[in-house]
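Okay, thanks for coming, everyone. Let me put the model up on the screen, and then we'll walk through it together.

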Amino acid sequence: MNWITDFITFPFLQKALIGCLILAVICGVLSPMIVAKRFAFMGSSIAHGALLGVSIALFLIDYILPPESPMTSLFVFAITTLVTLVAATPLALTTFRQKLPSDALIGLFFTATMGLGLLIHQSLGPGKGDLLSYLFGNILMLSTIDLMILLILGLLIFFLIWIKRSHWILFLYDEEAAFIQGLPTKRYHLIFFLLLTLVIVSGLKISGVILINSFLLIPGLFALKFAPSAKSTFTYSLGFSLMSALTGVILANGLNLSTGPTLAVTQVIFYLGSQIRDLRRH
Amino acid sequence: MTTVQVRELSFSYPKAAFQKADQESENFQLILDRITFEVSKGEILGILGPNGGGKSTLLKILAGLLKPTSGSLTYHLEDKNRGIIYIPQKDQRNLSYPITILEFLESARLPGSKIPRSECIHALERVELKRPVNQPMSGLSGGEFQRVLLAKAFLQKSQLILMDEPTKGLDGIGQDKLLELLGEFKKNAAVILVDHNIAQVLKHCDRLLCLNKSFHWHDHKSQLKKNILEDTYHCEFEHLLIHENTDDILNHDHHKCSHHDDIHEHKNKHEQDPVDQDTKRADQE
């Protein structure tokens with residue numbers, strides 16, 4: 001197989017590449033915010049909690065849609081988003097301006113939703129859909145509808161975050177000061193939660209429940225370490241995310257590896273590579 | 001014109017589950033009890049009182065971070081959102097976030113109008129902070145951070161400045177400089193500050209609020225008597241000189257802390273023998 005020309009020859013690879021790049025852009029914007037807000041564990045928890053939504057969607061799909069329906073992707077996305085949002089709403093409300101450590105609460109959500117999701121899949125719908133693909137990602141499952149969902153999400157993030165990024169910067173830096181200044185901090189908190197859930201659910205097919213965290217965290221970690229200003233964290237994170245996603249997809253195709261794990265490992269290697277300068281200094 | 005008017009304001013924190021309910025209240029711990037005071041543009045109000053007396057809680061209520069349990073709180077501000085600057089006691093900055101001084105000051109901008117870089121630099125000069133605007137906020141000391149917040153207050157034309165223990169961690173010269181700077185700010189705003197440094201508060205503030213939960217006294221500093229401070233702190237101040245020329249020594253370090261059992265005894269003593277400043281001065285000489 002040719003490492004580059006395959007992407008011109010095979011439409012499924014084109015979809016995979018486009019999907020990965022859109023997800024990289026979306027996560028590139030959200031990732032520094034997640035890291036700055038110390039929502040890393042929260043993101044991981046919501047990702048694992050999404051498994052409950054996937055299980056319910058896979059169980060319901062046979063009763064709602066005819067087999068091989070083109071709306072399957074949209075249905076799974078809608079049900080997973082709905083279930084995850086309903087389950088995560090109490091978490092979103094209790095973590096707003098919470099001074100007490102909320103990690104125990106997040107851990108509880110994590111365990112409860114994932115456990116319930118696996119139980120539902122085992123008891124009600126064994127053999128229905130490929131749950132493993134949602135755990136580790138299967139880029140070959142990407143449909144045009146998935147790409148449309150990612151694109152709409154990208155536009156939503158642009159309008160909600162990018163346009164008012166200086167307000168978001170203050171919110172991330174000092175939530176109390178932002179509140180006193182009259183920014184609707186609770187709305188910002190809930191919007192952030194909503195976007196985080198949407199990104200996680202829409203990225204499940206690419207990276208899977210377990211590996212989506214690499215997209216959510218590593219670009220932000222890189223950006224917060226090297227960017228000279230808050231605004232530039234977005235560009236640093238975007239650049240890192242795009243570069244690592246492109247490399248990961250090409251490597252996965254060229255070496256015939258699973259895309260999700262390849263993307264995650266590529267991002268980790270890129271991040272470790274960026275630390276060499278620091279290691280030399282020490 | 002009055003900037004903020006507080007009438008009969010009370011506040012209670014919900015008690016933690018492990019705390020035993022006392023007779024005062026079953027589920028709530030009373031922090032502030034019917035506090036009344038006001039402060040106007042051109043004035044600095046100093047809030048004095050012991051730890052746990054409710055000073056910081058009162059500032060948070062004024063900043064809008066906490067809601068009072070009862071009572072009224074009236075602001076007379078052109079725009080409440082940019083009218084208040086609150087400088088907290090604890091440094092709550094997210095130090096891992098690389099926001100620059102310029103970006104932080106730009107967040108003060110009003111809807112639809114961006115503050116030019118030159119104005120940000122001018123605001124920093126105004127608060128005597130010699131730092132490049134592109135420097136990250138994480139590199140600033142606590143005192144410098146306070147000054148950046150004051151620069152933001154200047155840019156926003158804030159009308160109410162709330163400072164919680166601003167002199168903490170500063171040396172004598174630093175304290176004087178900061179409080180003199182507040183003297184500049186009060187020309188266009190009302191300033192409320194909480195501080196344990198009685199000498200500095202008496203020197204730089206116009207009005208005082210002595211606060212210890214249910215006990216409070218509020219008036220111009222010229223009306224302050226030693227027994228009021230002693231009743232607030234439940235302590236005996238041996239060498240405190242008040243109503244003096246502000247350049248005189250205001251020695252608050254030499255005081256005897258009494259146990260709560262002795263409070264009433266002290267109160268009786270002060271009632272019979274109010275402080276005579278001239279006698280005290282003569283004693284010291």
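So, let's start with one residue in chain B: Val133(B) comes out as partly exposed, because it has 18 C-beta neighbours inside 10 Å, and buried would take 20 or more. Before I go on, keep in mind that this is a predicted model.

Where does Val133(B) sit? It's in the loop between H4 and H5 of chain B. And what does Val133(B) touch, if you leave aside its neighbours within four places in sequence? There's a run of Thr100(B), Ile101(B) and Leu102(B), and then Arg117(B), Cys120(B), Ile121(B) and Leu124(B). Phe104(B) is 29 residues from Val133(B) in sequence, and their C-alpha atoms are 9.6 Å apart.

Glu128(B) is partly exposed, with 13 other C-beta atoms within 10 Å.

Now go to the loop between H5 and strand S6 (160–164) of chain B, and you'll find Lys157(B). Lys157(B) isn't a glycine, but its phi is positive, near 55 degrees. Lys157(B) has 14 other C-beta atoms within 10 Å, so it's partly exposed.

For an actual glycine, take Gly183(B), in helix H6 (residues 172–185) of chain B. Gly183(B) counts as partly exposed, with 14 C-beta neighbours inside 10 Å. His204(B) is 21 residues from Gly183(B) along the chain, with 7.6 Å between the C-alpha atoms.

Zooming out to the whole of chain B: we've got 10 helices and 11 strands. Of its 285 residues, 36% count as buried. And if you take the contacts in chain B with a separation of 6 or more, 67% of them link residues 24 or more positions apart.

What about the core? The largest nonpolar core has 144 residues, and the ones with the most contacts inside it are Leu30(A), Leu162(B) and Ile192(B). In chain B, this core takes at least three residues from domain 1 (1–77 + 159–223) and at least three from domain 2 (94–154). Which residues does Leu162(B) touch, not counting those up to four places away in sequence? Leu59(B), Leu62(B) and Ala63(B), then the stretch Ile84(B), Ile85(B), Tyr86(B) and Ile87(B), and finally Ile192(B).

Okay, over to chain A. Here I want to show you helix H4 (residues 72–94) and helix H5 (residues 103–124) of chain A, whose axes come within 11 Å and cross at roughly 180 degrees. H4(A) and H5(A) are therefore roughly antiparallel to each other. On the H4(A) side you have Ala87(A), Leu91(A) and Thr94(A), and they meet Leu105(A), Ile106(A), Phe109(A) and Thr113(A) in H5(A). Sorted by class, that contact has five nonpolar residues, two polar and no charged.

Last stop, how the chains meet: 19 residues of chain A are in contact with 18 residues of chain B. On the chain A side, helix H8 (165–173), helix H9 (175–180) and helix H12 (230–254) are the elements giving two or more residues. H8(A) has the largest share, with five residues. And that side of chain A splits into 11 nonpolar, five polar and three charged residues.

That's my tour. Over to you for discussion.

Definitions and conventions. Residues numbered from 1 in each chain as written. Chains lettered and ligands numbered in written order. Predicted model: local features only at pLDDT ≥ 70, side-chain atom pairs only at ≥ 80, totals over all residues. Contact = placed C-beta atoms within 7 Å. Helix = DSSP H or I, 4+ residues; strand = E, 2+ residues; numbered from the N terminus. Nonpolar A, V, L, I, M, F, W, Y, C, P; charged D, E, K, R; others polar. Core = buried A, V, L, I, M, F, W, Y, C linked by C-beta atoms within 7 Å. Buried ≥ 20, exposed ≤ 12 C-beta atoms within 10 Å, placed from the backbone. Domains from an automatic or database assignment. Axes fitted to C-alpha atoms, helices over the stretch in contact; angles between N-to-C directions. Parallel < 35°, antiparallel > 145°, perpendicular 65-115°, else oblique.
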